[in-house]
Amino acid sequence: MKKIITILPVFLAVFSSKGQSFIQAYQDRANLVTQTNITSNLQQFSNLGIKTTGTLNNANALTWIKNKYISYGYSASQIVEDPFTFGNTSSKNLVITKTGTVYPNKYVIICGHFDSIYGPGVNDNGSGTSIILEAARILRNVPTEYSIKFIHFSGEEQGLEGSKHYVNNVAYQNGVRVLDIKLVFNLDQVGGVMGNNNNTVYCDQDQAGPTSNNAASAAVTQQLRNCTALYSPLQTAVDPAEDTDYIPFERKGEVITGFFERIRSGYPHSSDDTFANTDPVYIYKIGKATVGALQHFAVATSASSIVLGTKEESSPTHSLESVSIYPNPSKDTVNIELSDTGIKDFSFEITELSGKVLLKKDNETKVSISALPAGAYIGLIKADGQTAVRKILIEK
Ligand SMILES: [Zn+2]
């Protein structure tokens, strides 16, 4: 409850004119994004190798994504492959449809490419892929007024070939718009670089021609910023939309927005675009913002699925928002500062990025880490049914 009380006074004033306010059920679902799922998705994506459009690895990546949807409970009829050819190259997009309750024929598209070039593409664009998968997993059984299409494009690195094909042959046929699109929300290169202070995400705004859709794009980009502030710990900045899969939609006059990393990595399109060179905690945070925003765009039910008997869990008495672990990077000892002095019982874990637990302590604010080798780890502080996630760097 404390969380609502502290957030509402700040945001209600800002959002009242837009009718956009904090919805607890959206936050509860955003909180279902897990660092473990994001990390394992990224590592599995990495293990699929260089996914150049048209190669066996590229086809294997599509199958891997498809199997994820099946494991989440999506039915075969919801999953459609969209084959395309350019030059001598053939590949497929993957399109998953979840039907809306009020506007079944109007679609919110959330998309990102899965092809890579010269490297495994963990940032570009395993990051967006892993987040779209988490959003699809969490929202499968959540009623939304608008239909959602989760689209995984291929051929992006060759010049947006997959998204161009989809727009010109599926969404539009013989130049006629046959798919009623509410908006397109694209995620590309949201991985950051480990070690940077990744506390801000770019929200992409259409600032190019045709200009007929620019005002609507600016409006949804503002809504994306609002949702990021409401449902994630990240700050936002605006950059011009360019060079990724929303562009073919934009050219047709559709309404678009997207996420892109704020501190740009130099690793994409190289063999160094690896798991070790991304910041999985940043991706996790963008995942929470994405699940919040997608619910807003598709108008998910605001009815909480949490039953009254477990109200304590959804409305914790104490807040872990301001927990800090210092110094960071650390050498021999880390200190845990809870800020909220009402918290008496807490646990502290250090895990590998894969989620493997290396160390666990209860109610200790000074913890020795001298046994751990140098590297990047995840620190989890759990109290009162909440979990705070922090990145920990150890230097020797
Ligand atoms: Zn990309």
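How many bridges join strand S1 to strand S2?

## The model and a first pair of strands

Strand S1 (residues 79–86) is joined by 8 bridges to strand S2 (residues 89–98), and the two run antiparallel. Helices (H or I, at least four residues) and strands (E, at least two) are DSSP runs, numbered from the N terminus, and two strands pair if DSSP finds at least two bridges between them. This is a predicted model, in which local features need pLDDT of at least 70 and side-chain atom pairs count only at pLDDT 80 or more, while totals for chains, interfaces and linings use all residues. Residues are numbered from 1 along each chain as its sequence is written, and side-chain values use heavy atoms, with hydrogens and water left out.

S1 and S2 form a hairpin with 2 residues between them, and Gly87 in the turn has a positive phi of about 55°. Within this pair, Thr85 stands opposite Ser90 in S2.

## An open sheet of four strands

Another part of the model is an open sheet of 4 strands, in the order S14-S13-S16-S17, with antiparallel pairing. Its edge strands are S14 (357–362) and S17 (386–394), each of which pairs on one side only. On average, and with direction ignored, neighbouring strands of this sheet are turned by 20° against each other; axes here are lines fitted to C-alpha atoms, for helices over the stretch in contact, and angles run from 0 to 180 degrees between N-to-C directions.

Inside the sheet, strand S13 (residues 347–351) and strand S16 (residues 375–383) run antiparallel and are joined by 5 bridges. Ile350 stands opposite Gly379 in S16.

Helix H5 (residues 122–139) has 18 residues and reaches 24 Å from its first C-alpha to its last, close to the 26 Å expected at 1.5 Å a residue, where the expected span is 1.5 Å times one less than the number of residues. Because 17 of the 18 residues of H5 are buried, this helix is largely enclosed by the rest of the structure; buried means under 20% relative accessible area, exposed over 50%, and partly exposed in between (1.4 Å probe, protein chains only).

Helix H4 (residues 56–72) packs with H5 at an angle of about 20°, with their axes 10 Å apart, and the two are therefore roughly parallel to each other. Angles under 35 degrees count as roughly parallel, over 145 as roughly antiparallel, 65 to 115 as roughly perpendicular and the rest as oblique. The contact (heavy atoms within 4.5 Å) is made by Trp64, Ile65, Lys68, Tyr69 and Tyr72 of H4 and by Thr129, Ile132, Leu133, Ala136 and Arg137 of H5.

The axes of helix H3 (residues 35–47) and H4 come within 11 Å and cross at roughly 150°, which makes H3 roughly antiparallel to H4. Here Asn41, Gln44 and Phe45 in H3 meet Trp64, Lys68 and Tyr72 in H4.

## Two buried residues

Thr221 lies in helix H7 (residues 214–231) and is buried, with a relative accessible area of 1%. Leaving aside its neighbours within four places in sequence, Thr221 is in contact with Cys203, Asp204, Gln205, Val238, Ile256 and Thr257. The C-alpha atoms of Thr221 and Leu179, which are 42 residues apart along the chain, are separated by 22 Å.

Glu254 is found in the loop between helix H8 (247–251) and strand S10 (256–261), and Glu254 is also buried, with a relative accessible area of 3%. Its contacts, apart from neighbours within four places in sequence, are Tyr172, Arg177, Ile181, Asn213 and Phe249.
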